[in-house]
Amino acid sequence: MTVAPEKSDVDVPEGYVKLTIDGEEIVAPKGELLIRTAERLGTVIPRFCDHPLLDPAGACRQCLVEVEMNGRPMPKPQASCTLTVADGMVVKTQVTSEVADKAQQGVMELLLINHPLDCPICDKGGECPLQNQAMAHGRTDSRFVDKKRTFPKPLPISSQVLLDRERCVLCQRCTRFSDQIAGDPFIDLLERGAHQQIGTAETADVLDAASHTSEPDSASAGKSASAGLDSASAGKSASAGGQPFQSYFSGNTIQICPVGALTSAQYRFRSRPFDLVSTPSVCEHCSSGCAERTDFRRGKVMRKLAGDDPEVNEEWICDKGRFAFRYAAAEQRIRRPLVRNVETGELEETSWTEALRAAADGLAKARDGKGVGVLPGGRVTLEDAYAYSKFARVALRTHDVDHRARAHSAEELDFLASRVVSDGGPAGGGVTFSDLEKAPIALCVAFEPEEEAPAVFLRLRKGARANDVKVVHIGQWASPAVEKTFGELLACAPGGEAGAVDGIAQHAPDVDEALRSEGAVVLVGERAAEVPGLPTALHRLVERTGARLAWIPRRAGERGAVEAGTLPTLLPGGRPVTDADARAEVERHWGLDPGTLPADPGRDMTGMLNAIVTRDLDGLLVGGVDLDDLPDPALARKAFDAAEFVVSLELLPSTVTPYADVVLPIAPVDEKSGTFVNWEGRRRPFAVTLDGTGALADCRVLDTLGVEMDTDLFTQTSDAALGDLDRLAAATARAAAPDHPSAEPPAPGDGQALLATWRQLIDDGSLQIDEPALAGTARRVVARMSRATADGLGDHVTVSTDRGSVTLPVEVTDLPDGVVWLPGNSPGSKLRATLGAGHGAVVDIAGGDR
Amino acid sequence: MGIFDPVKGFGVTFGMMFKKVATEEYPEIGAPAAPRYHGRHQLNRHPDGLEKCVGCELCAWACPADAIFVEGGDNTEEARYSPGERYGADYQINYLRCIGCGLCVEACPTRSLTMINFYELADDNRQDLIWTKEDLLAPLLPGMEQPPHPMRLGENEQDYYVNGPELARDRGVPEHETVETDTEEAVR
């Protein structure tokens, strides 16, 4: 038997305090919450409202403990989730104190008074903290004999979040999350006393009819609830009035709700926790590489939840990462290889052996003719990218490989080769998520954090809230992300970003000063490739100020693809193609004869497409590429039409499929293992979630295709591919810094404007098909322009080029005059496809009628 | 050993011919189980024909043999299968696995799942021994209507749960029948 020492001689370091919990002495850092100190001691105090990443609220009162200070007991039990530790505090939890235990049981009983007994139909049942704690500590029978308070249910507060107010225990986790973490405080506490409830501006309208404690007003209640449900399933927002709960992060409120008050429309009644097999996974959508948990049942993914990775996404993910996964189970998914019948011209299902032979024969013929170009697309894993890179060099003997299925430039190539590739990642001193939190300044250039990398946005906001990180955006308008990061906007015309960066010392000397301080960070998005001179200007800026630079692309695979060398100027590991030593090293590693690798860089994406049109290239090997993402979709279609032989490795029928001679099906991320490299350069490995589906990863397909062409890639599995890549140590030599002239943005004439554009997070992206609930929370598709520019146009504006036009409602925004902003790929606003124009182009604007 | 002993034995046989036989003529005539025998499962209905199953999966959770598969579904105004928000969209019991313990019946919160005394569950292939919702649902009694249809007996599920027995009386369900049919006749 151990006896707690009467007097301890525990040393208390500076900044720490000593207290007693249940008779045990413990040293805790000053400012730590009592509930966490107790947790470290192994005593779990029950709680609902407490969340380590949210500010303390003390809302649910479940964590009451008895506290004594300086020998004087506090008159009433105290909430341990709001009380910070103090020296000499004596705490008794429910383990040793009857008072605390009774208080906790009383609170549990009160919380359950109005909680309905509908656990059997509640989605949270089986993983519900309230259920668990009621089973563990609650009474076995209820003493409450009166009618419970009822509300119509469920109430859709957005197309993907359903609110059931009866079940709510008013812990305010959702409202605190929305207010503090996401910065979208559309959801809040309404009413007072027994009528207090969670709601949005919209639910407030129906409040009088809805809140009643007696008989449910069944007729109207039933109707309004089901009417709401219908609109939810139809994927529209709830009603017209007020501001809907449209947050890119609303799914997190479902996950942190300690009861079943907030449930997901997509997961509604789909399964129970005990049905699900959970596997850790990594998000495939943006370049943040958020940790996720994928839950599947009988070979079908049921839901995705945020994983806990304090270094990357903490415990949050965006709604796209959470809800957009059904593309992999889409009906139209390609599951068997397709080969085009020479006679009928139709794609026909065939066996793998036949399809691989057809692909290998066609590629070999094209290679021996004018050559084959490789377009892997930006959504590949590191291993798949490496396989593409090696396949291009070894099997196709070319450097014509470019994964950038978006606007790109030669300047960007230089920038990636000199500043991004092989910077060592977090271990090598690269910018990390944690650095964003502590930086004195974060300058976002041509980068829209909330739309392009939501986890980065959350970190910037957290830093701005907690550590006064100054967030400065060089963009066109004060987007929601600017406001929610408490940011400063340095507005410039689209295409004028390079000038703005160069002139930062003149027009914003305070920003320039801050950039010189320790830890300053510059974040640049993929849009930089569309602004001539911007990468060069950024290079000059960071050389001058000493700030650190991070490139944050939009797609998950881009950074890994750069490392794997799917670029015309780079070999794996960041080795420049033009460097003879680097080539020799790679040739040795791959077992090639010296001098096999061409000494000249290959063609970039646009170069390849032009070469096909001019008959300087015969074939194409294409991965996940949508022609409408390319800078010139018309040129791309012309080129694909003209190509002698096209092999497409695809998951779903795409814009490439009509031109493909052979289509080889590949595995979605759930069905393969691999590694994404996130924008930090951090490797995010993931294991296979759905095993045994028979779907093959790109690296496996390319390996087998390579064997058919008498070469061995050694990328049979992703482990083998990664091993092969890792045996090639990172290059030591770096490419020269980019040095390209910047251009003044063109001056728009009369009836013209400069086009500013970026993609919204929730739009018509190809990985967002079959998700009506998610699509319902997309931001409104509008054309934004200044009041002066919008003058005389009316409600709608038609933006046109010689290719086509887009008509959208006008929203007056703080843009510079003569600039119009449109979302890049949203319903009704697919700019590349219809206008063939991108950021910085000159477009015609006219009043449009709708 | 007496002189008649060899025929005595025939006497026993002959005598038995006039006694009542204990043999059950199965399967020609059939052998009804005791009224409360736990045979196969049945998914019961409310008096208007709506299903009692809410797809909560508690039966599947309770099942020690993992014989039950359930998937819930969302009732809409257009297609309503049960009172309330949720119904059992897919319901399967694998009688190759079921051990007839009845824990599922105890777990059922709506008394949707009960067991009737039908016990002829043998078959010559595995596929047919996975009984689906169509096989398990109780037959439509007089006054019942094949779902989907709107709630006929009340405004919400509370009315169904609280006033179930009274509602059954007013629907023309025969006097001696309960809605939870558990006799073999009901099956036929």
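1. Contact here means heavy atoms within 4.5 Å. Helices (H or I, at least four residues) and strands (E, at least two) are DSSP runs, numbered from the N terminus. Residues are numbered from 1 along each chain as its sequence is written, chains are lettered from A and ligands numbered from 1 in the order in which they are written, and side-chain values use heavy atoms, with hydrogens and water left out. The model is predicted: local features need pLDDT of at least 70 and side-chain atom pairs count only at pLDDT 80 or more, whereas totals for chains, interfaces and linings use all residues.

2. Helix α24 of chain A covers residues 633–642, and its buried residues include Pro633(A), Leu635(A) and Phe640(A). Buried means under 20% relative accessible area, exposed over 50%, and partly exposed in between (1.4 Å probe, protein chains only). The buried residues of α24(A) pack against helices α23 (605–613) and α29 (831–834), and against strands β17 (372–375), β25 (619–622) and β26 (645–650) of chain A.

3. Ala528(A) belongs to the loop between β21 (521–525) and α20 (534–545) of chain A. With a relative accessible area of 7%, Ala528(A) is buried. Not counting residues up to four places away in sequence, Ala528(A) touches Ala446(A), Leu534(A) and Pro535(A).

4. Between the two chains, 20 residues of chain B are in contact with 23 residues of chain A. The area buried between them is about 1,900 Å², of which carbon and sulfur atoms give 54%; buried area is the accessible area (1.4 Å probe) that two parts lose on being put together, summed over both. On the side of chain B, Trp61(B), Glu85(B) and Arg86(B) lose the most area to chain A, together 34% of what that side buries.

5. Chain B and chain A are joined by 4 salt bridges, each a side-chain nitrogen of Lys or Arg within 4 Å of a carboxyl oxygen of Asp or Glu. One of them pairs Glu57(B) with Arg297(A), the closest N and O atoms being 3.5 Å apart.

6. Where do the annotated cysteines of chain B lie? The unreviewed UniProt entry places the feature "binding site" at Cys63(B), Cys98(B), Cys101(B) and Cys104(B); UniProt positions are given in the numbering used here, feature names are shortened, and annotations may be inferred rather than shown by experiment. They span 42 residues in sequence, yet no two of their C-alpha atoms are more than 10.3 Å apart, so they gather at one spot. Cys101(B) is partly exposed, at 39% relative accessible area, whereas Cys104(B) is buried, at 6%.
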